[in-house]
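Subject: A structure for you to look at

Hello,

Here is the structure I promised to pass on to you.

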Amino acid sequence: KIWSDVQSTGLAGLDDLLGGGLRPGLYVICSKPGEGKTSFALQIADAIASQGKDVLWISLDMTREELLVKSLSRMTLLLDSAINKKNACTVQAVLEGLRDVPAKAVMQKALQTYEQTMSSFYCQESLSETKITEIEQIISLHMAATGNKPVVFIDSLQYLRISDGLTETAGIDRAIRNLMQFSRARQIPVLALSENIRESYGSDVIISLQMEPATGTLADPHGIELKLLDRKSTRLNSSHRIR
């Protein structure tokens with residue numbers, strides 16, 4: 001199948017910055033550890049999969065179960081109609097089995113809502129150090145098996161196996177060059193996560209995130225300051241909120 005449409009990220013503000021959404025090429029999403037890049041990317045991945053588009057999440061860090069509970073926790077927040085979102089489930093609450101009845105009810109609703117997303121969301125765990133050629137093989141095998149061109153997420157670049165003799169920075173730079181060439185050759189968007197904030201990655205687009213302080217309640221999520229750069233210049237600064 002030929003990639004013909006711009007793919008919405010599910011975030012209207014980000015789509016505007018990207019000129020409508022994602023196109024074939026390499027996008028690097030970077031932030032400091034713990035500042036929300038996985039949650040941000042997972043929200044985009046879920047939005048794409050909920051539209052029936054294949055998402056291939058290659059996890060070098062988290063298990064399928066950990067990703068699932070993050071998504072379900074966010075879904076309970078969106079679906080909870082109680083004042084102050086008191087029935088929404090934290091990740092820990094999901095893992096502990098949802099002992100209280102109100103939370104269990106909203107969790108069941110979240111599972112039903114998320115079912116469609118799960119049918120288009122493919123997660124490949126590779127929790128040992130992985131070569132970039134193995135990443136490319138995983139993507140190629142998915143495309144051959146399904147006949148579909150997926151939107152690919154790689155979490156994260158820091159867990160790639162670096163070739164002997166290269167520093168981490170040089171190894172990641174080489175991996176990014178390979179991924180960019182691969183994404184263009186296969187005509188698919190690839191979003192790679194990184195723990196290092198840099199203004200130059202050699203990718204098509206850099207999405208840099210910085211978390212703002214939380215207000216203290218589930219009803220008021222963290223704000224994310226998003227800085228978008230393309231290969232030629234800084235395009236725009238904007239703020240978004242993620243759950």
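A salt bridge, in the sense used here, is a side-chain nitrogen of Lys or Arg within 4 Å of a carboxyl oxygen of Asp or Glu. Side chains of opposite charge can pair when their charged atoms come close. Please keep in mind that this is a predicted model. How many salt bridges does the structure hold? There are three, and I will take you through them in turn.

Let's start with Arg74 and Asp46, whose side chains meet in a salt bridge at 2.5 Å, N to O. Arg74 belongs to helix α3 (residues 64-79) and Asp46 to helix α2 (residues 37-50), so this pair ties together parts that are 28 residues apart in sequence. Both Arg74 and Asp46 are buried.

Helix α3 also contains Arg64, while Glu125 sits in strand β3 (residues 121-125), so a pair between these two ties together parts 61 residues apart in sequence.

The remaining salt bridge joins the side chains of Asp204 and Arg184 at 2.4 Å, N to O. Asp204 is found in the loop between β5 (189-194) and β6 (205-211), and Arg184 in helix α7 (residues 168-186), so the pair links parts that are 20 residues apart in sequence. Is Asp204 buried or exposed? With a relative accessibility of 15%, Asp204 counts as buried, because the cut-off for buried is under 20%. Arg184 is partly exposed, at 40%.

Best wishes

Definitions and conventions:
Residues numbered from 1 in each chain as written. Predicted model: local features only at pLDDT ≥ 70, side-chain atom pairs only at ≥ 80, totals over all residues. Heavy atoms only, no water. Helix = DSSP H or I, 4+ residues; strand = E, 2+ residues; numbered from the N terminus. Buried < 20%, exposed > 50% of the residue type's maximum accessible area, 1.4 Å probe, protein only.
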